[in-house]
Every structure is written in structure tokens, then in C-alpha cells.
Amino acid sequence: MLVHSAGFDYFTPEAGKHSTMLCVACTAEMDVKRNVARTMGRYGIAMPEHLVRQEDIFTCPNSEHGWHRQIIRLLQEVRDTPSRKLADLMELEIAEIRQTKTTTKEPLW
Ligand SMILES: [Zn+2]
């Protein structure tokens, strides 16, 4: 199962706005599917025709890897923790995982 996280390895900007995008998790250049019509709104409700917009869908080619999901989880923890010291430690671990492309903790993410 392939899971993307919006704001990390999944972006849907207005069509043509970005020529390339880099993954927030692993910094890889993202894959893109261009000019996709967004026809569904929230809760899967069809959009009125005048609100349908064209967007580009950027996804990371590394998203299916456990190490990639671990980085995203750590980035979320860095964002959410009130502790500067814990955030610094997690940043170190994120750098290590980006370099080795290997999870540092099981189970898989
Ligand atoms: Zn990535």
C-alpha cells in the first residue's frame, strides 16, 4: 500500500506553478503528473463545474520505503514536540536516515 503525506511527499499546486518540486522528507526530485482536473471536493462530493481546477500532482518516488515513512514520522514529531533538545536529537537521526536510506528503528513505519 502506497501512502503519501500531504505537505511532505505529496503536493497538488495549481497546474504550471512549479516546474519541479523537491520532497520535504528525502529532498529527491518528485515525480509529477500534470494538468489533472480536480473534480472532487471534500468528502468525495463532486465539484460544481466552475470550481474544477487543473493541478499538478507531485509525489516522491521513495514514498513506499520504510525509511522514508520513518523520516516523515520524525519530521512530524519535530514539528509537534515542545522540546528543543528532543527536536535537535531527532534532526540528527533524520540526517542519518537520509544519508543511509535505512530505518533506525523497527517495526516498519
Ligand atoms: Zn521523498
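The legends below accompany several close-up views of a predicted model.

**View 1. The two assigned domains of the protein chain.** In this predicted model, the domain assignment divides the protein chain into domain 1, covering residues 10-59, and domain 2, covering residues 66-100. The C-alpha centres of domain 1 and domain 2 are separated by 26 Å.

**View 2. Helix α2 and the residue that follows it.** Helix α2 runs through residues 84-100, a stretch of 17 residues, and the distance from its first C-alpha to its last is 25 Å, which is close to the 24 Å expected at 1.5 Å a residue. After α2 comes K101, a residue with a positive phi, near 50 degrees.

**View 3. The packing of helix α1 against helix α2.** Helix α1, made up of residues 66-80, packs with α2 at an angle of about 160 degrees, and the axes of the two helices lie 10 Å apart. Because angles over 145 degrees count as roughly antiparallel, α1 is described as roughly antiparallel to α2. The crossing of α1 and α2 is left-handed.

**View 4. The residues in the contact of α1 with α2.** On the side of α1, the contact is made by W67, Q70, I71, L74, L75, E77 and V78, and these meet A87, M90, E91, E93, I94, I97 and R98 in α2.

How values were computed. Residues numbered from 1 in each chain as written. Predicted model: local features only at pLDDT ≥ 70, side-chain atom pairs only at ≥ 80, totals over all residues. Domains from an automatic or database assignment. Helix = DSSP H or I, 4+ residues; strand = E, 2+ residues; numbered from the N terminus. Expected span 1.5 Å × (residues − 1). Axes fitted to C-alpha atoms, helices over the stretch in contact; angles between N-to-C directions. Parallel < 35°, antiparallel > 145°, perpendicular 65-115°, else oblique. Left-handed = near helix turned anticlockwise from the far one by under 90°. Contact = placed C-beta atoms within 7 Å.
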